[in-house]
Amino acid sequence: MTNDSYLVVSYVVCAVFSMVLGTLVYLSLRRPFADVADAAPRKHVRSILKRLLPVGLLFPALLGFVSVSYQSCNRQTYAKIVESRDYLIAKNREQISSTLLSIVVAVLVWDAVILLLTKLAKRGSNSH
């Protein structure tokens, strides 16, 4: 396989891997998050949160993947980018790493949302 072909195949594989990983994280957190969202004080807030969760996990996964640039100071042309298979492999690893980091950050943001919902639900139940 030439480096040109490797670049295309590995890019698609990493993109699919990023989306699959984001989907798996969403599927594993969907029910627990729905249970917490059901404690939200207003019905429309529950609905909005449940609809935003997939976007809030898949978009960061995709964003982490596309945030990696193949161009750098010493590799500005396509020919220089594809001349080294080691460089392409390093970029694939960077894409996967960036995807994982983005998913972790997204989960932490959703954790903060859950903490806020829990606090609001407790405050609402104490006032009645």
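The model is predicted, so local features need pLDDT of at least 70 and side-chain atom pairs count only at pLDDT 80 or more, while totals for chains, interfaces and linings use all residues. Residues are numbered from 1 along each chain as its sequence is written, and side-chain values use heavy atoms, without hydrogens and water.

Helices first. Helix H1 spans residues 3-37 and helix H2 residues 43-66; helices here are DSSP runs of H or I, at least four residues, numbered from the N terminus. They pack at about 155°, axes 8 Å apart, with axes fitted to C-alpha atoms over the stretch in contact and angles running from 0 to 180 degrees between N-to-C directions. H1 and H2 are therefore roughly antiparallel, the term for angles over 145 degrees.

Now the aromatics. The structure holds 3 aromatic pairs, meaning ring centres within 6.5 Å, with planes under 30 degrees apart called stacked, over 60 edge-to-face and the rest tilted, and Trp represented by its six-membered ring. Tyrosine 11 and tyrosine 70 make a tilted pair, 6.2 Å centre to centre with 50° between the planes. Tyrosine 11 is in H1 and tyrosine 70 in the loop between H2 and H3, so the pair ties together parts 59 residues apart in sequence. Tyrosine 70 is buried at 11% relative accessible area; buried means under 20%, exposed over 50%, partly exposed in between, using a 1.4 Å probe and protein chains only. Tyrosine 11, at 36%, is partly exposed.

Last, valine 82, in the loop between H3 (78-81) and H4 (85-126). Valine 82 is buried, at 10%.

Technical notes
Helices (H or I, at least four residues) and strands (E, at least two) are DSSP runs, numbered from the N terminus. Angles under 35 degrees count as roughly parallel, over 145 as roughly antiparallel, 65 to 115 as roughly perpendicular and the rest as oblique.
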